[in-house]
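Let's take a walk through a protein model together, going from the whole chain down to single residues. Please have the viewer open and follow along.

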Amino acid sequence: MSSSSSDEDDASVVIELGSQGTRVQFAGEDAPIPFLTCNAGSGVNVEEADFDYGAKICDEKLEYLVNKSYEELSLQKSKIKECGVIFIEPLGVLRSNRELVLEMMMETFGVPTYYAGPSPIMALYASGRGSGTVIQCGHSFCETITIYEGYQIPGSLKSSRGHCGKGISRHLNALLEGHDESKIENIKRDIDLLKPCNQYTLPDGSVVSDDSLIDGIKTEMFGESGGIAEMAYHAIMSSDIEARRHIFVNVILSGGTTLMGGFPETFQEELCKVARPLHADRARIKTVSSPERKYSSWIGGSIVGSLSCYKNAHISKEMYEESGPSIIHKYMPYGEVELLDH
């Protein structure tokens with residue numbers, strides 16, 4: 001990808017506001033500038049600093065984070081009005097939030113064009129594939145979608161707020177009661193689902209081993225009923241029979257939670273358990289886990305913004321002024337998303 005997008009007159013900015021981190025950079029760049037969202041602006045409770053598309057977005061928080069994104073790029077107000085924006089969003093985003101983001105970008109920041117990129121689809125583009133099932137597992141959402149030859153497969157769009165990084169944190173908080181939040185997050189980063197080797201002493205003097213923590217995490221994420229592997233399997237099976245052989249070998253992992261040690265291997269094992277009883281002789285299963293998968297949704301947005309066809313896909317200022325914020329649902333619709341445990 002180009003490294004000189006910021007010098008182009010029609011450059012677009014790619015923004016991904018994650019639950020625990022924001023990523024921003026010009027389209028065409030290879031990697032984003034990441035920064036934490038915990039400094040959520042005046043009047044915003046630090047304990048509520050997560051940016052959550054599944055709940056009503058705080059206008060102040062949204063404006064603060066977008067301003068901070070432009071500051072990271074050293075963009076002045078006059079330049080912002082010359083740069084289109086690509087916003088990466090989860091499938092489980094509320095319709096009202098989609099409209100709010102579009103309205104703020106057009107009315108408050110005066111951007112000339114707007115494009116909403118669904119996070120799992122952008123992750124597929126980042127993998128260089130036109131077909132596959134994506135499991136996007138971040139802090140607040142786990143989502144699946146199947147794309148075949150560029151088309152979304154109806155019935156494959158699923159969104160869970162349980163099987164995600166926040167769910168792991170809740171589980172660890174329950175088992176490691178008494179530790180502060182930063183300690184819990186450090187423990188979560190240290191855990192390897194394949195290599196239990198640590199013990200943790202609780203404030204009351206009792207000891208908890210990795211084994212018990214890992215068993216709980218596996219149950220939380222890959223439980224026999226309704227876990228991530230089952231979500232992925234149902235997303236794959238929503239495609240036509242002829243397409244499934246190809247989809248089974250293009251299962252894409254994306255999102256920061258999938259960086260947990262042993263996560264790709266555990267997911268592969270669990271998906272095989274779900275799929276092979278029915279497809280023992282037919283399905284070869286392959287999970288793709290790029291080292292850059294924490295940022296793969298942003299990378300996909302960067303790729304989209306550098307394509308010539310992108311210029312015909314965005315919402316222009318004129319289109320917005322004619323139809324208002326609801327135009328987002330007409331020009332960038334999602335299929336029906338099955339919301340699990342919301």
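What follows starts with overall figures and then turns to helices, a pocket and a few individual residues.

Keep in mind from the start that this is a predicted model. The protein chain has 342 residues, and 54% of them count as buried. Its secondary structure comes to 13 helices and 15 strands. If you look at contacts in the chain with a separation of 6 or more, 69% of them join residues 24 or more positions apart. The accessible surface comes to about 15600 Å², and carbon and sulfur atoms account for 47% of that area.

Among the buried ones are Trp298, Ile299 and Val304, along with Ser296, Ser297 and Ser302. Gly300, Gly301 and Gly305 of H11 are buried too.

Helix H5, residues 165–175, also has a buried set: Gly165, Gly167, Ile168, Ser169, His171 and Leu172. What do these residues pack against? Their partners are helix H6 (181–190) and helix H7 (210–222).

Next, let's visit the second largest pocket, which holds about 380 Å³ of space. It is lined by 20 residues, and the closest to its centre are Tyr115, Pro118, Ile121, Met122 and Tyr125. Strand S5 (113–118), helix H4 (119–126) and strand S8 (151–152) each supply at least two residues of this lining. By class, the lining has 17 nonpolar, two polar and one charged residues.

Is Val13 buried or exposed? Val13 counts as buried because its relative accessibility is 0%, under the 20% cut-off. Leaving aside residues up to four places away in sequence, Val13 touches a set that includes Val24, Phe26, Tyr70, Leu73, Leu75, Cys83 and Ile86. Val85 is another of the residues Val13 touches; the two are 72 residues apart in sequence, yet their C-alpha atoms lie 4.8 Å apart in space.

Cys83 leads us to the cysteines. Cys83 has 0% relative accessibility and so counts as buried, whereas Cys58, at 34%, counts as partly exposed. How many disulfides are there? With a disulfide taken as a pair of cysteine sulfur atoms within 2.5 Å, the count comes to zero.

Loops deserve a look as well. Ser156 sits in the loop between S8 and strand S9 (158–160), and Ser156 counts as buried because its relative accessibility is 0%. Beyond residues up to four places away in sequence, Ser156 touches Thr144, Ile145, Thr146, Ala235 and Ser238.

Two other loop residues have backbone angles worth checking. Ser74, in the loop between helix H1 (59–72) and helix H2 (77–80), has a positive phi of about 55° although it is not a glycine. Ser74 has a relative accessible area of 59%, so it is exposed. Glu149, found in the loop between strand S7 (142–148) and S8, likewise has a positive phi, near 50°, in a residue other than glycine. At 56% relative accessibility, Glu149 counts as exposed.

How values were computed. Residues numbered from 1 in each chain as written. Predicted model: local features only at pLDDT ≥ 70, side-chain atom pairs only at ≥ 80, totals over all residues. Heavy atoms only, no water. Buried < 20%, exposed > 50% of the residue type's maximum accessible area, 1.4 Å probe, protein only. Helix = DSSP H or I, 4+ residues; strand = E, 2+ residues; numbered from the N terminus. 1 Å grid on protein atoms, 1.4 Å probe; cavity = no way out; pocket = protein on both sides within 12 Å on 5 of 7 lines; lining within 4 Å. Points joined across faces, edges and corners; volume = space filled by probe spheres on them. Nonpolar A, V, L, I, M, F, W, Y, C, P; charged D, E, K, R; others polar. Contact = heavy atoms within 4.5 Å. Areas by Shrake-Rupley, 256 points an atom, 1.4 Å probe, with all protein chains shown as cover.
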